[in-house]
Each structure stands twice: as structure tokens, then as C-alpha cells.
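User: I'd like to go over the aromatic rings in this model. Can you take me through them?

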Amino acid sequence: MNALTRDLIKLTDIAETQGAEKEEKLLFREHFHLMPPVGWLNDPNGLCQFEGVYHAFFQYSPFDAEGGVKMWGHYISDNMLDWKYQGVALYPDQPFDCHGVYSGSALVEDGKMYLYYTGNVKLEDGEYDYIRTGREGNTVLVSSEDGIHFGHKKQLMRNTDYPDDLTCHVRDPKVWKEQDTYYMVQGARTKEDVGQILIFTSKDKVNWKFKSRIESKEPFGYMWECPDYFTIGDKKILSASVQGLEGGIWEERNVYQSGYFEVEGDILSSYKLGEYKLWDYGFDYYAPQSFETEDGRRIHISWMGMPDCEAYTNLTIADGWQHCFTLPREIYVKDGKICQRPVRELDYKETITKTAENKLQADSCKAYDLKIDKIQNNQFCIALAEELLLEYTDGRFRMRFTDNRKTCVSAGRDCRYVETDEVTNIRVIADVSSVEVFVNDGEYVFSTRYYPDKYSINVQAEGADICLAEIK
Ligand code: FRU
């Protein structure tokens, strides 16, 4: 351990202890969503199930609720809902990661956990734009025998190992194995400001060779972050968090997007990317990552937040923390469509408190699962905490806050929508300061943070079955 690591451990400990002392007063802390102990959280990293136990690492800045140098915080869980904090797994303490242990992934093999991440370095003493010059994106490997202690960091690649038509922005390795070959995808921005995904291959997890790249036919944004690739049923899914989409429909959406392309053909040789579809249509969703459970489910977890967003904020900053993850979701295919549903483990935490037809009203419940089934002719209106409405008009399902002042429930959020002919069912998973809405069995999902001063649920849906379960 070097002197910097030692001091970072001490400082993190002080920040977390001070955060814990405040715990009682923290109004908006979630009950079953993963949050930082103190300070700032962004992307999920290194998601995996290792010897039965779920591991979730996260981009963590404990010293400042509005961000700062990133490290990997670490949680474990038996059910993906109750998370136990394990401290910081990776500190920014080496010359190749001193401005941030950026995002990456886990590979589990032969009783070992391998973590791949990007070591971010910003050079000083020069005229740099930090896009084309002045930044390093190093690919680093660290492994663990027990999933708790992490060994020596090994720098595997640096910018000179990436194609030379790229800017310095190359990052977020996601690694998997097929037959006897390891594959790694990384997000990239070309010198012409086009977002791409790079593919590297390796036979030994350590020596990697650039193999090829994936891009859309027409330029689509200037940077693709946090790439992921997996199959679900007979579908091949290429996921990317895209920056730089402007004009047309993008004007009514978030500043950055997270979505996926269905891939036809072989990503290594000849392929065609389908239409880019959003994973989530809500306000707070970015940089998701997937992993496969030991029982074969494809789980997806995202940061329930949005970078570089001026329009809205989070009222937890005053309490010294910001952001959380989405509820882990199972990805599945229904009628040929990619859908998402909350992990089935949630069922064990629920107690049904009310069932009704047509109408349901409840007060003061902060964490719940609300199901509205058999919706007739798109007729429904749902109001949460009086100011968050879910409604359907003119061919659009909407999530809409009635008041977008930054100091109220919405903290500045206004409206998000998706065009659809029919809404047949809606499922709302609410925690203290978050709402995730699954429409039509999760064909569309909307996630948002919200900050109620009075909790209430009002559902009107003539002819529908309504069920409310409290989540413990
Ligand atoms: C996405 C991202 C990643 C990067 C990390 C840094 O939100 O920008 O590309 O690795 O966050 O925290």
C-alpha cells in the first residue's frame, strides 16, 4: 500500500463516519435501492455473482455530493435488494488512475474475480482540451480470490494501443468469454467526433489485441460510453450510453441517452445495427450494465441519475449525498420485444395491503409495488405524491410533474413520454425518493427521482384490477 492509498482510506473513513452520524436526519434515503454511504454515486461497475453472492461496485466520490475524483465503492447482497457496504475496493492511487478509477466490469472464472476498469489521468502543465489532448484512458486489470480483497493493479493498455484516429476518450471495458477467447468492448470518440465501440480479444485475459470496431451507418452522437454486449434468447443486444444526440425527438429527451441496438449478423465481421431503442424513457437513467446470474438470468442495473444536467437537480445534496441505482431488472423477450421486469426477489419483500377495481387511494406509503392490470381503452390516471402524474393522451404515455420548480417534488423535472397505441398494464415500484414505472409488462420503462413532502397514491382506472403491496 502506498502513502496515498493510506491517506485516502483514512479520509474516506472520516467522510463515511460523519455521513453515518447524520443518517437519522436524512429524509430521502432509499429503503431498497443501492445508494452511496455518503457523497456521490454514478455508474454501476463490476456487476457479478461470485460464489453465490451478488457484487455491485459503483463510481464513488465520498468527499463531495456533487462529484469529484472517482473510486470504486463496493456492496454485496444475497438478493440484489438488501446491500451490505464493504468499503472502497479500488482507490485512485497509481500514476495510471490518479484522476479516477473509472468504469469497468467483472469477469468471474475458476473461482476468481477479475475487474477491468479505465484508469483516468488528466495531464497538467499544458494547453489541453482534454478531448484530443491531455487525457489518458488506461485499461487496468485487478483480480481477487475472495471478492473482498483486491490485488495488484496491472496496466494492460494505454492510448497508444488504441487506433490512432481516436481522441483520448476511450473507456469502460466490458469483458466476457466465448469458447476459448475473451472479448472486451470499450466506448470511444473518434477525432471526427463520432461515437463507436472498440472490440479487443485475448487468449489469456492479460494480453489484448484490437480486433475491430462497431459503428452505426450514419454518425450517431460523438461518444459512446459504457458499452455492453450480450444475447437474450435469439437476440444479440449491443448497449451504449450515447452523448451528443441533438435535434428532433432528442430535444424532448435527456441530455444523454442509454439504449441498445439489436444486432443482425456477427459483431466481429459483418453486422447490421437495428434501430436504437431506449432502455428507459424517464428522467434519471444512465450508464447501465448487465451481468448473468448463476441461474441464467440477464440482470440490468443502471445509475438512476443523469450527468451534466442543468434542468433539474436532487434535493438530497443538502444532506450530503446524491444518486442511487435502479432496481435490478431482469431482461426478457415478450412477443419479440425486449422487456424489463423487477427482479423476482422483490416478491419476498412485499405484503399486499389493498386490492381494488376502478379506483385506489392510499396515503403515507413510501415504498411500494403498485400494479394496474387489465386497463380498458387506455383509460387511467395515476397521481403519486399529488405532483407526479402517469397518464395517456393523444397516443402518448406520459410521466409528468405538475410543478417543475427546483424546490418542489420534481426538483425541476417536467415531462417525458413514449408514443404507443395501447397501454394494457402499469407497474410502479416506488421507494422513498424514486419511482420506476414499467408499462406493458416492461416494454417501456420510466425512472425518476422525486422528493415528496406528503406521500400519497391516487389511481383511477375504470375496469382495471389494482393491487398495492408495501415493500419492507
Ligand atoms: C459514464 C462515465 C463513464 C466513466 C465514468 C466516470 O457516466 O462518464 O464513461 O467511466 O462515468 O465516472
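**Aromatic contacts**

Analyst: Tyr 312 is buried, at 9% relative accessible area; buried means under 20%, with a 1.4 Å probe and protein chains only. This is a predicted model, where local features need pLDDT of at least 70, side-chain atom pairs count only at pLDDT 80 or more, and totals for chains, interfaces and linings use all residues. Residues are numbered from 1 along each chain as its sequence is written, and side-chain values use heavy atoms, leaving out hydrogens and water.

User: How many aromatic pairs does the structure hold?

Analyst: There are 32. Rings of Phe, Tyr and Trp (its six-membered ring) pair if their centres lie within 6.5 Å; planes under 30 degrees apart are stacked, over 60 edge-to-face, the rest tilted. One of the pairs is Phe 283 with Tyr 312, with centres 5.7 Å apart and planes at 85 degrees, so it is edge-to-face.

User: And is Phe 283 buried or exposed?

Analyst: Phe 283 is buried, at 0% relative accessibility.

User: What about Tyr 286 and Trp 303?

Analyst: They also form an edge-to-face pair, 6.3 Å centre to centre with 75 degrees between the planes. Tyr 286 and Trp 303 are both buried.

User: Switching topic: which ring does the charged end of Arg 341 sit over?

Analyst: That of Tyr 332, 4.0 Å from its centre. The criterion is NZ of Lys or CZ of Arg within 6 Å of the ring centre and within 35 degrees of the ring normal. The charged end of Arg 396 sits over the ring of Tyr 417, 3.9 Å from its centre.

User: Last one: which residues do ring pairs link into a cluster?

Analyst: Phe 220, Trp 224, Trp 250, Phe 261 and Tyr 276.

Terms used
Buried < 20%, exposed > 50% of the residue type's maximum accessible area, 1.4 Å probe, protein only.
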